[in-house]
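User: I'd like to go through this one with the definitions at hand. Can you take me through the labels and say what each rests on?

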Amino acid sequence: MIVEEIMKRELHTLTPKNSVRDAVRLMREKNIRHVPIINNEKKIVGIITDHDIKKALPSCLREEPNSTIYDAAIEEVMTKNPLVGHPLDFVEEVALTFYESKISCLPIVSANELIGIVTTTDLLYTYIELTGTNQPGSKIDIRVDDRPGILFEITKIFHENKANVLSLLVYPDGESETTKILSVRLQVINPLQIIEALRNQDYDVLWPHVPGVTL
């Protein structure tokens, strides 16, 4: 999945000369927490977030909308030259950028022009959709040997039990370097039959702990 599939295209922007008050008003009206700052050529020069505004205001003035601090230009408190992404970037790469840089939003730029924005909320919704968490089903965690063909063997059991796979994630096993943890979400309400089939073939089902538990 690439960024252009999840980014917000409806943008609410301001200029460096707009006031902090303008940013606060825009965030409240549009129910947003991030405002890209652009120049006359529509090139992004900064980003301002609700967190930036809170940091800029003395604690005793945060509830005083008439404070002169609110009249300061955005360029005085914005993050200048922010990190940006491209619409063809992979979502996984963008998520890594969020994690490593500890940011809450990423402006998306193409041909030097701002065309979208991605936030942590967008990434969260994408994760939920990709993992099938928003659909009825059951989650099964299985410890398996880290070897070629293991996914085929596991999914064959699902096929034999007519279980549709909503998502399948592979995690490192903290207890061994020779095994992996498969976290599978199935479109099955009661996974008892599948758990029994897995255990009959000596697979280590970690979750559910008790056969028959539905998730």
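**Salt bridges, burial and a helix**

Analyst: Arg-143, Asp-173, Glu-175 and Asp-204 are linked in a network of salt bridges. Before we go on: this is a predicted model, where local features need pLDDT of at least 70, side-chain atom pairs count only at pLDDT 80 or more, and totals for chains, interfaces and linings use all residues. Residues are numbered from 1 along each chain as its sequence is written, and side-chain values use heavy atoms, with hydrogens and water left out.

User: What makes Arg-143 and Glu-175 a salt bridge?

Analyst: The term needs a side-chain nitrogen of Lys or Arg within 4 Å of a carboxyl oxygen of Asp or Glu. For Arg-143 and Glu-175 the N to O distance is 3.3 Å, so the pair qualifies. The pair links distant parts of the chain, 32 residues apart: Arg-143 sits in strand β6 (residues 138–145), Glu-175 in the loop between β7 (165–172) and β8 (179–186). Helices here are DSSP runs (H or I, at least four residues), as are strands (E, at least two), numbered from the N terminus.

User: And why is Glu-175 called exposed?

Analyst: Exposed means over 50% relative accessible area, buried under 20%, and partly exposed in between (1.4 Å probe, protein chains only). Glu-175 has 69%, so exposed is the word.

User: How far apart are Asp-22 and Arg-25 in helix α1?

Analyst: They are three residues apart in α1 (residues 20–30), which means about one helical turn between them. An α-helix has 3.6 residues a turn, so residues three or four places apart point the same way. Asp-22 and Arg-25 form a salt bridge, with the closest N and O atoms at 3.3 Å. Asp-22 has 23% relative accessibility, so it counts as partly exposed, and Arg-25, at 40%, does too.

User: Why is Val-188 called buried?

Analyst: Its relative accessibility is 16%, so it counts as buried. Val-188 lies in the loop between β8 and α6 (192–200). Leaving out residues up to four places away in sequence, Val-188 touches Gly-137, Ser-138, Ala-163 and Ile-194, where contact means heavy atoms within 4.5 Å.

User: How do you know the span of α4 agrees with what a helix should give?

Analyst: The expected span is 1.5 Å times one less than the number of residues. For the 12 residues of α4 (residues 120–131) that should be 16 Å, and the end C-alpha atoms are 16 Å apart, so it agrees.

User: What makes you say the buried residues of α4 line one face?

Analyst: The buried ones are Asp-122, Leu-123, Thr-126 and Thr-131. Seen down the axis of α4, they fall within an arc of 150°, so they line one face of the helix; the arc is that of the directions from the helix axis to the C-beta atoms. On the other side of α4, Tyr-125 and Glu-129 are exposed. Cover for the buried residues includes α3 (91–101), β5 (113–119), β7 and β8.

User: Where does pLDDT stay under 50?

Analyst: Over residues 211–215. pLDDT is the predictor's confidence in each residue, from 0 to 100. The mean for the protein is 92, with 93% of its residues reaching 70 or more.
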